[in-house]
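Reader: Please show me the structure, and then let us go through it in questions and answers.

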Amino acid sequence: MTSVPMARVTLRNLSAHKIRLVLTAVAVILGVAFVAGTLVFTDTMNKKFDDLFNRIGKNVAVDVRAVKVVDSGDPGSARPPLPQSVLAKVRTVPGVKDPVGTVDGYAALVGKDGKIVGKGQNGPPQLGTNWTGDGIARMVAGRAPAAAGEVVLDKESASKAGYAVGDPVTVLVKAGPQKVTLVGTADIGDMMGTTLVAFDTPTAQRLLMKPGYFSEIRMGTTGPDEAALRDRVAKVLPSGTEAVTGAKLRDENKSSVASFLGFFRTFLLVFALISIFVGAFIIFNTFSMLVAQRTRELALLRAIGAARSQVTRAVIGEAVAVGFVGSTLGLAAGAGLAELLQSTTGGGGALTFTATPVIWSYVVGIVVTVVSAYFPARRAAKVPPVAAMRDDVALPQRSMRIRMALGSLLTLAGAGLMGLGLFGHVSNPAVPVGAGAFAVFLGVALLAPVISRPAVQVLGWPFARLLRTPGRLARQNALRNPRRTAATASALMIGLALITAVNVLGSSMRSSVESQVDKQFGADYVIEPTGAGGLSSDLVAKVRATGGVTDAGAMYSGDAKVSGKRVRYAAGDTPQMLSGTRAKFVSGSGTLGRDGMLVDEDTAKKNSLSVGSSVPVLFPDGRTETLRVSGVYAKNEFLGSRILSQSAYLAHTADPSVEVIIVTAHKADAATKHALEQTLSARPDVKVQDQAGLKADARKQVDGFVTFLTVLLVMSVIIAAVGVINTLALSVIERTREIGLLRAIGISRRQLRRMIRAESVVIAVFGAVLGIGIGVAFGAALQHALRKEGLNVLSVPVGTLVTYLVVAAVIGVLAALWPAWRAGRMDVLKAISTD
Amino acid sequence: MTDSARSTSDAATAPGAGDFAARGHRISKVYGSGDARVIALDGVTVGIPRGRFTAVMGPSGSGKSTLMHCMAGLDAVSEGEVFIGDTELTSLRDKQLTRLRRDKIGFIFQAFNLVPTLTALENITLPMDIAGRRPDPAWLDRVIDTVGLRPRLKHRPSELSGGQQQRVACARALASRPEIIFADEPTGNLDSRSGAEVLSFLRDSVREMGQTIVMVTHDPSAAAYADQVLFLTDGQIVDTMQQPTAERVLERMKGFELPGVGAR
């Protein structure tokens, strides 16, 4: 076949343009590493959890538990408790081996330094349980807890907290701190940072749940298989309880984690996709430049008889090779990334490798490279053979008019799709919004060469003024090949547009929350738990008795079912809640009675409720009560959509826990806050917040979210920066003789470096301006779409955006370092000598 | 002929020779080492008289381009000293050399003389723009008129013919009134008519404006425009000819009996 010599041409070209192709491969490597890292990391986590649940459920043949009447939708949420009497009934069933009632709840460990071990609500579980002697915990020192005041800890938490067997230990439960003695430590294997505090069974029931109740009952089998035993056990169970096989229990646990990890994986892959999309621009640009530089050589090949398809194939062959090498290195880098992710999330151990990341790495790497190189390859084939004989050859360029039409069309269509997703009530808005954004980016990238002329003129002006001739030359160089400048800038545009959108959204969130706190927070303080436990009602009285406090009221929240749908409601000290949140009534009043109900305006409208309407409510304990709407209030972010009376909540909740205590004071000054903190000094898992604190908390949360997304998007900016380096390096090579001439007639190395830096900065800032413009538009559109969800203030963080512009300029400077250095080192003689 | 060659060499050796725009004293240039060692210049001593048009001729590989590159501060010599005016080049750092090239030397290359993104006028004033100096408007006008480019000043190089491009290059070299202009085969890429135009222009600028020009060429008819010709063979100046004609130069070149004369 004639393809053998063409393959040789491909190989020779690869080795002749090593540096350029290495830079292209970097774009592939980074994108593929992101994909592979995500896949390997989530595979590893999945495997770990599978192992964990297999370990936990190893000896469980059947599990007995209460039925979830109101499924909160969160598979990890607690079930109603199971009466202890069930255990005696189960014990009589033939085939049941060692049935054990377990108790699970919140218990946090306070270290010797007075600080809580673990991270509270956002960290790994702080688990309290009863010591059962089986399951995953294996005693390594001391003995089992036998009486109130004795606990066993997992050995890692014990050593982190600085405790040894025999030490007095403080444990925090919902009811408050417990002074206990550490009687033993246990090995629980790799539980990813979980802290485990085990009591004897009666104490666990009293402190973690309710005396006389279990979370569930687990049992082994003496012979019958799991399903047969389950059926036998089910016969003796009272209503409201169920029996499931151990296999089902393990699957439930696994699938709940798997679905979370699946979501997490998709989430990360979206960002990986963005990086790859940016990488595609770089690959496209590099291949375009390589083809343009090789025009004469390609023409020669055509002149001596190579077919068009052979020329195309030779270029595509290069792309395949680059894609292959990039994918291989990307896969390796991805494994490193997964290792890094694992260590930052506090885990250890071997990574799990399946075929999936390997296959996807190669598919993604090679397909993206080939698709991106396809258009340059086609252009290469269009080089007329006669170009070999001509002196100044240029590739045929398609007209800008088609490009403009296509670009405008794509931009508009993309904007339309985004509008549809944001405002059109579609079932899965993420799809049209994502596709729309994609189309807008492509459209603007197509339009960018047209925009670049005036934009570069303006952006280059300060350089032309400040640096004079080198600045003017830089500006001219950036204008020289608008397509190239545009493609390079567009790559940077994408990352910056998304980062800007995230920042606009974050800033709007901050402003919205602040305005809500200002408008709707009428109390002086709120007291909230920092752990997963909630607070006991006793604490409310203590807070009320604190000096300077005029009133304190509890607020609970619960789940119930209304006309078949799960709803979340608030309940508690209604007057304190309503005044503390400055609730405004549209109709009716806040006087509830035992079976009253308050709803907000939107809920009333949606369910056509008004004062006096009757609403049947199904509670988690399986009982239904008909409540009467006694008031409709204006939308309030702190109250949510429904309020029930405290007595209704308490009557149907086995294990009530206070979510927040709303406090009013004579004077909200430092003295009162200090007094409150004194009252709560024994509770390091509780914090006092005033208005400023609430705002600061919200700000911190939003900042965390913005930072997280920004970090994920930084990868695409890095890839774009590689693109700037690539473009400049190739341009410098292309302009070797021109640079030689400039050096010969007296431009200094410094002026030359400045010229290249200025060109780089102009391109980078052009991309940033495009990106920030699009990002602000995206952010504003998102905010507008979410204004009903509480995002009612649009705020553009001008300072941050200016910083990004400066960062883009710095990226420009950094990207120019190497190309400028190379240009400065160029041999003047070589540069000016004719071939 | 031999006498005048000696006299040029002797004059260059004498210190403070004020009537030379550029001088080289026993300059050698060696490339590579061991078996690959090539001696391009072998102890050349040469003086370029001020206000005259000097051509450097020699067969391919004779070292004429190397001589020009070394004299112009584009390449470093292995041994010896090079002076532009009173400035000794071999002790200069890159920065000082760059400044010297910018302020004291004009260049005309065989091809690729112009920056493609700049107009003809911008190209002409480029060395002064780089230096941050304002060109003398009267002088600039005179140069532009002499090369006959006034209607083409706003054009980019790609819109000019080869001859016009070389004339822009000549104007650029002249515009900053350098001490000396080095021209490296300035007509090598031109047809004979455009070539003749450029050469007469160079000769006129020497006669009328008092410019000093050194031109490297292998074309006897180009050398005939010069006031004197230096012949270079095997890295050494072997002869000098005053008031050359094409026939005499051609005759002299034949004497070298080297293949490939006139080829590049």
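Author: Helices (H or I, at least four residues) and strands (E, at least two) are DSSP runs, numbered from the N terminus. This is a predicted model, in which local features need pLDDT of at least 70, side-chain atom pairs count only at pLDDT 80 or more, and totals for chains, interfaces and linings use all residues. Residues are numbered from 1 along each chain as its sequence is written, while chains are lettered from A and ligands numbered from 1 in the order in which they are written.

Reader: How many helices and strands does chain A have?

Author: The C-alpha trace of chain A spans about 100 × 65 × 50 Å along its principal axes. Chain A has 24 strands, and its helices number 24.

Reader: What percentage of the residues in chain A are buried?

Author: A residue is buried if 20 or more other C-beta atoms lie within 10 Å of its own, exposed if 12 or fewer, and partly exposed in between, with C-beta atoms placed from the backbone. Chain A has 835 residues, and the buried share of them is 46%.

Reader: Is A:Val26 buried or exposed?

Author: A:Val26 belongs to helix 2 (residues 18-56) of chain A. Its C-alpha atom is 51 Å from that of A:Val660, which is 634 residues away along the chain. Because A:Val26 has 21 C-beta neighbours inside 10 Å, it counts as buried.

Reader: Into which domains is chain A divided?

Author: Domain bounds come from an automatic or database domain assignment. That assignment divides chain A into domain 1 (57-246), domain 2 (448-522 + 691-835) and domain 3 (525-689).

Reader: Which elements give two or more residues to the side of domain 2 of chain A that touches domain 3 of chain A?

Author: The centres of domain 2 and domain 3 of chain A, taken over C-alpha atoms, are 49 Å apart. Nine residues from domain 2 of chain A and nine residues from domain 3 of chain A take part in the contact, where two residues are in contact if their C-beta atoms, placed from the backbone, lie within 7 Å. The elements asked for are helix 14 (482-520) and helix 20 of chain A.

Reader: How far apart are the end C-alpha atoms of helix 20 of chain A?

Author: The expected span of a helix is 1.5 Å times one less than its number of residues. Helix 20 of chain A (residues 691-734) has 44 residues, so it should span 64 Å, and the distance between its end C-alpha atoms agrees, at 62 Å.

Reader: How many residues of helix 14 of chain A are buried?

Author: Helix 14 of chain A reaches 53 Å from its first C-alpha to its last, close to the 57 Å expected at 1.5 Å a residue. A kink of about 25 degrees in helix 14 of chain A is centred on A:Met493. Helix 14 of chain A is largely enclosed by the rest of the structure, because its buried residues, out of 39, number 30.

Reader: Which residues touch the most other members of the largest nonpolar core?

Author: A nonpolar core is a set of buried Ala, Val, Leu, Ile, Met, Phe, Trp, Tyr and Cys residues joined through C-beta atoms within 7 Å. The largest nonpolar core has 217 residues, and those that touch the most other members are A:Val315, A:Leu492, A:Leu496, A:Val762, A:Ala764 and B:Ala171.

Reader: Which helix gives the largest share of this core?

Author: Leaving aside neighbours within four places in sequence, A:Leu492 has contacts that include A:Val717, A:Ala764 and A:Ala808. The largest share of the core amounts to 18 residues, and it comes from helix 22 (residues 749-785) of chain A.

Reader: Is A:Ser563 buried or exposed?

Author: A:Ser563 is not a glycine, yet its phi is positive, at about 40 degrees. It sits in the loop between strand 16 (549-562) and strand 17 (565-572) of chain A. Because A:Ser563 has 10 other C-beta atoms within 10 Å, it is exposed.

Reader: How many residues of chain A are in contact with chain B?

Author: On the side of chain B, 23 residues are in contact with chain A, and the number from chain A is 21.

Terms used
The bend at a residue is the angle between axes fitted to the seven residues ending there and the seven starting there.
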